[in-house]
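I opened my notebook to look up a few spots in this model.

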Amino acid sequence: RYQHLPEVSAVERRTLDESPQLALERLGAGGAQVIKTKGKLVLFRSTQQRPALLEGVGSSAVYPTVLNIRTGGIGVLTGTQVVVPKNMADATAIASSHGLETVREFPHLRTVFYRVKADMDIADVAAGLQADARVERAYPEIIEHVYVPH
């Protein structure tokens, strides 16, 4: 179970060598508080409350975050929806009905990855997919743990 954190967002650094502060300055959020980094992702707290939307700021994407109620960990909503259709033949129609872009289909796993468009509420899209009679299971992709090799 996850809860949206409207005051916490994430931005992707261009490289692992880019400082978290520089990544925030690219957004115009230089004064924001860095909470932590997860690989290339910089999680930050700002005074601006953000909805659960993917936002484009210049050449950067700002990702919404969620709190794992059970573990207390913070996860990043990537904007990808993982869907198990009841019938793979419905995959294109499901994307069209919900205004999604198909990223990748895995027929042998009966799984499709869809990408939400900018300014679409990720939670609303997930709820719509879960309510769709053609869908067996759907959930948003959440990055909570990132392994960074040393």
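I take helices (H or I, at least four residues) and strands (E, at least two) as DSSP runs, numbered from the N terminus. The model is predicted: local features need pLDDT of at least 70, side-chain atom pairs count only at pLDDT 80 or more, and totals for chains, interfaces and linings use all residues. Residues are numbered from 1 along each chain as its sequence is written, and side-chain values use heavy atoms, with hydrogens and water left out.

**Entry 1: R13**

I found R13 in the loop between β1 (2-12) and α1 (20-27). I call a residue buried under 20% relative accessible area, exposed over 50%, and partly exposed in between (1.4 Å probe, protein chains only). Lys and Arg count as positive, Asp and Glu as negative; His and the chain ends are not counted. A salt bridge needs a side-chain nitrogen of Lys or Arg within 4 Å of a carboxyl oxygen of Asp or Glu. R13 is buried but has no salt bridge. The nearest side chain of opposite charge, E18, is 6.0 Å away.

What does the side chain of R13 reach at 3.1 Å? I see the backbone oxygen of E18 there. A polar atom of the R13 side chain also lies 3.2 Å from the backbone oxygen of L16. With contact meaning heavy atoms within 4.5 Å, and neighbours within four places in sequence left aside, I list partners of R13 including A23, R26, T37, G39 and V42.

**Entry 2: G39**

I followed G39 next, in the loop between β2 (33-38) and β3 (41-45). G39 counts as buried because its relative accessibility is 12%. G39 and L53 are 14 residues apart in sequence and 21 Å apart in space, C-alpha to C-alpha.

**Entry 3: aromatic rings**

Rings of Phe, Tyr and Trp (its six-membered ring) pair if their centres lie within 6.5 Å; planes under 30 degrees apart are stacked, over 60 edge-to-face, the rest tilted. I count one aromatic pair by this rule. F106 and F113 form it, edge-to-face, at 5.8 Å centre to centre and 85° between the planes. F113 has a relative accessible area of 23%, so I log F113 as partly exposed.

**Entry 4: helix α3**

Which residues of α3 (residues 122-131) are buried? I noted I122, V125, A126 and L129. They cover an arc of only 100° around the axis, so they sit on the same side of α3. I read that arc from the directions from the helix axis to the C-beta atoms. The face turned away carries the exposed residues D124 and A131. Cover for the buried residues of α3 includes β5 (60-68), β6 (74-85), α2 (91-98) and β9 (135-143).

Methods. Polar contact = N/O pair within 3.5 Å; in protein donor to acceptor, adjacent residues only side chain to side chain.
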